[in-house]
Amino acid sequence: MNAFTPRPPHGADADADALLRAELAELLPPPPVPEPAPERNLELRHAVLRSALAADGGAGPSPERRTRPGFRFGWIVAPAVACALVAGVVVLAPGETPGGSPGGSPGRVTVGQPAPSEAVRFLSHAALAAAAAPAPEVRPGEYVYVKSLVSYAGRDAGGGPAVLPPARAREVWLSPDGSRPGLLREAGAADTPLGSRAPVYELDRPGAVPRKTTLGTEAPSVTNPTHAYVAALPTDPEALLRLVREQTRGTGDPGGDADQRAFAAIGTLVAETWAPPEVTAALYRAAALIPGVAVLPSATDAAGREGVAVVRTARGEQTQWIFDRTTSAFLGERTVLTETTTAGRAGAVLGVSAVLVKGAAAAPGQLPKA
């Protein structure tokens, strides 16, 4: 027997050998578990697959599930997950971390549900900020006052690219219910009455003396809003968007983009009316439902204020709503060419505005009280 041949332990040597074996057991890895035979491995995989499919209510998708969005991906994933479990692999949904939810925080893993777009997230944040804003206070007999800076590009009679003039001040005074004439005042131009009944003359029959009457005003609508009408708009985003689509159908270019008409109309309501907080929030959420809405990281309004823009592009033009980067308050709008046309090169600004003040005034021509 040499020094490397194990010998039976006796007395104190037995305790020392037992202690040595225990220490070695802690240091050495456990013996490998033998892999199952190939036919046994295949049998186990089939058993797990059958269990997974049975848990979902059958061996295959029913006709109802086949038509539901998002389930096609789920039916493909289930066998893959089952096979991965047999192989001892952890499967994570795209964008998930081992914690079970984005960022590693505990949560439930969902499959087949698209993440909200950046525009949807931003408009949702803007809606929350708008909902927390003070409600407008317009007393009976007062007028809604909106002051802004505006500039719109124009073209001369000889053609050529459009030219954007310097921004000018614009003030409007509107009766809350539209029952009294309002006023439009722009720098460098004469005051213009708004909502007044224009005098006209009618003939009852040929040869009769013309009879003086007035031309009836247009009923309030999304495209002809009053303060009272806007305050009564639905606050459900889907219902509000349906109403906007209905009332902008047939307006502007008949062959234009219906989604763009709705987006532009919502922008006008936000910029040129003084809506209650819950209506403004609903307008933002309704805009988030319009396809093609995106976010521009930086844009500047007519007052030179830089912010984040929610945009939509159609037919070579991009409409931008500019928001304060910190408060998410609406600042103004811009219209920019995205394609080179007879109106100008791509990137040329066709229109820009900035909302400065909204308030209640005692009469047309008077400023709101501080």
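Let's start inside the sheet: β4 and β5 run antiparallel, joined by 4 bridges. Strands here are DSSP E runs of at least two residues, numbered from the N terminus, and helices are H or I runs of at least four. Two strands count as paired if DSSP finds at least two bridges between them.

A quick note on the source. This is a predicted model: local features need pLDDT of at least 70, side-chain atom pairs count only at pLDDT 80 or more, and totals for chains, interfaces and linings use all residues. Residues are numbered from 1 along each chain as its sequence is written, and side-chain values use heavy atoms, leaving out hydrogens and water.

What is the order of the whole open sheet? It is β6-β5-β4-β1-β13-β12-β11-β10-β9, 9 strands with antiparallel pairing. The edges are β6 (192–194) and β9 (294–300), each pairing on one side only.

Next, the helices. Contact means heavy atoms within 4.5 Å. Angles run from 0 to 180 degrees between N-to-C directions, with axes fitted to C-alpha atoms, for helices over the stretch in contact. Helix α5, residues 118–131, packs on the sheet and touches β9, β10 and β11. Its direction makes about 65 degrees with that of β9. Helix α8, residues 258–272, lies across strands including β1, β4 and β13. α8 runs at about 150 degrees to β10.
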